[in-house]
Structures are given as C-alpha cells and as structure tokens.
Amino acid sequence: QVQLVESGGGTVIPGGSLRLSCAASGRTMNNFGMGWFRQAPGKEREFVAAIGLANEHTYYADSVKGRFTIGRNNANSTSYLQMNGLSPEDTATYYCAASPVGTDWSDGYWGRGTQVIVSS
C-alpha cells in the first residue's frame with residue numbers, strides 16, 4: 001500500500017518562503033508523475049505543480065509560476081515544493097499526489113495534506 005506523507009507546512013509572513021516535502025512509501029515512485037495541489041478554506045482543490053518521471057518536465061499553475069519550484073528525488077521516493085514570495089492568497093492545505101504515467105490524478109495516491117498559512 002502506497003502512502004504519501006507531506007511535511008514542511010507552517011505559518012510564514014508575506015514574502016516569506018517554505019519548502020514542502022512529500023515522502024512516499026510502499027513502492028518506488030519511478031513510474032509515477034508527482035504533483036502538488038492545494039485547497040483553501042471554502043474553495044475547491046486546485047492544481048499547483050507537477051513533475052515528470054525524471055525532473056525533465058515541470059508544470060505550474062499560472063498563479064505560482066516564477067515563485068514555486070517542484071522537484072523530485074527518485075532515489076528516496078520524495079518530492080518537494082519550494083515556495084518563495086508567499087502571499088496570503090497562498091494560504092491553503094497542500095496535498096502531495098502521485099499518479100501512474102498516463103492516468104488521472106484521481107487514479108493515484110494522495111497524502112493527507114500539510115497546512116500553509118501566510119499572514120502578517
């Protein structure tokens with residue numbers, strides 16, 4: 001059984017940075033795309049960023065492009081989301097996801113989330 005566990009959330013002032021991590025266990029993630037989603041209070045879950053099998057392709061929501069960076073380490077089945085220039089609009093619970101190549105995220109695995117609060 002695959003488990004994804006996020007860490008690194010917390011409270012930060014506007015303009016600050018956080019680095020979220022996602023650790024996968026139960027199987028190798030070498031054949032899984034990995035991504036990050038977020039859900040703000042009262043809003044639907046939205047896509048944030050995704051990365052291909054070997055760091056060769058990355059994808060970002062327009063709202064985070066240029067501020068967030070996604071990466072992965074297949075050797076230890078982890079991914080990260082480096083978040084810079086945070087604003088209150090980034091406040092949300094952030095979820096890590098892993099999906100087999102060619103499938104929808106809903107067919108993959110999800111973590112339980114880590115909360116990020118951006119506030120002065």
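**Figure 1. Antiparallel pairing of strands S1 and S3.** The two strands are joined by 5 bridges; strands are DSSP runs of E with at least two residues, numbered from the N terminus, and two of them pair if DSSP finds at least two bridges between them. The model is predicted, so that local features require pLDDT of at least 70 and side-chain atom pairs count only at pLDDT 80 or more, whereas totals for chains, interfaces and linings use all residues. Residues are numbered from 1 along each chain as its sequence is written, and side-chain values use heavy atoms, with hydrogens and water left out. Ser-25 lies in strand S3 (residues 18-25) and stands opposite Gln-3. Beyond residues up to four places away in sequence, Ser-25 touches Gln-1, Val-2 and Gln-3, where contact means heavy atoms within 4.5 Å. Ser-25 is partly exposed at 36% relative accessibility; buried denotes under 20% relative accessible area, exposed over 50%, and partly exposed the range in between, with a 1.4 Å probe and protein chains only.

**Figure 2. The open sheet S1-S3-S8-S7.** Its 4 strands pair in the antiparallel sense. Strand S1 (3-7) and strand S7 (68-73) form the edges, each pairing on one side only. Neighbouring strands are turned by 15° against each other on average, direction ignored; the axes are lines fitted to C-alpha atoms, and angles run from 0 to 180 degrees between N-to-C directions. In S3, Leu-18, Leu-20, Cys-22 and Ala-24 make up a covered face, while Arg-19, Ser-21, Ala-23 and Ser-25 make up an uncovered one. In a regular strand the side chains alternate between the two faces of the sheet. S3 also pairs with S8 over 6 antiparallel bridges, and the partner of Cys-22 there is Ser-79.

**Figure 3. Strands S7 and S8 and the loop between them.** S7 runs antiparallel to strand S8 (residues 78-83) and is joined to it by 6 bridges. Thr-69 stands opposite Gln-82. The loop between the two strands contains Ser-77, which has a positive phi of about 55° although it is not a glycine. Most residues other than glycine have a negative phi. Ser-77 is buried, its relative accessible area being 9%.

**Figure 4. Strand S4 between S9 and S5 in the pairing pattern.** Of the 8 residues in S4, 7 are buried. S4 pairs with S9 through 8 antiparallel bridges, with Gly-35 opposite Ala-97. S4 is also joined to S5 by 5 bridges, again antiparallel. The hairpin of S4 and S5 has 6 residues between the strands, and Gly-42 takes a positive phi near 80° in this hairpin.

**Figure 5. Surroundings of Arg-38.** Arg-38 belongs to strand S4 (residues 32-39) and stands opposite Glu-46 in S5. This arginine is buried, with a relative accessible area of 6%. Its side chain forms polar contacts with the side chains of Asp-90 at 2.9 Å and Ser-63 at 3.5 Å. A polar contact is a pair of N or O atoms within 3.5 Å; within protein, one must be able to donate a hydrogen and the other to accept it, and residues adjacent in sequence count only if both atoms are side-chain atoms. Apart from neighbours within four places in sequence, the residues in contact with Arg-38 include Glu-44, Val-48, Phe-68, Glu-89 and Tyr-94.

**Figure 6. Thr-114 beside Gly-9.** Thr-114 is part of strand S11 (residues 114-118). The side chain of Thr-114 reaches the backbone nitrogen of Gly-9 at 3.2 Å. Thr-114 is buried at 11% relative accessible area. Leaving out residues up to four places away in sequence, Thr-114 touches Glu-6, Ser-7, Gly-8, Gly-9, Leu-20, Ala-92, Thr-93 and Tyr-94.

**Figure 7. The largest pocket.** Its volume is about 210 Å³. Among the 13 lining residues, Gly-33, Ser-99, Val-101, Gly-102 and Trp-105 are the closest to the centre. S4, strand S5 (46-51) and strand S9 (92-100) each give two or more residues to the lining. On a 1 Å grid over the protein atoms alone, where a 1.4 Å probe is used, a pocket is an open set of points with protein on both sides within 12 Å along at least five of seven lines, and lining residues have an atom within 4 Å of a point. Grid points are joined across faces, edges and corners, and the volume is the space filled by probe spheres set on the points.
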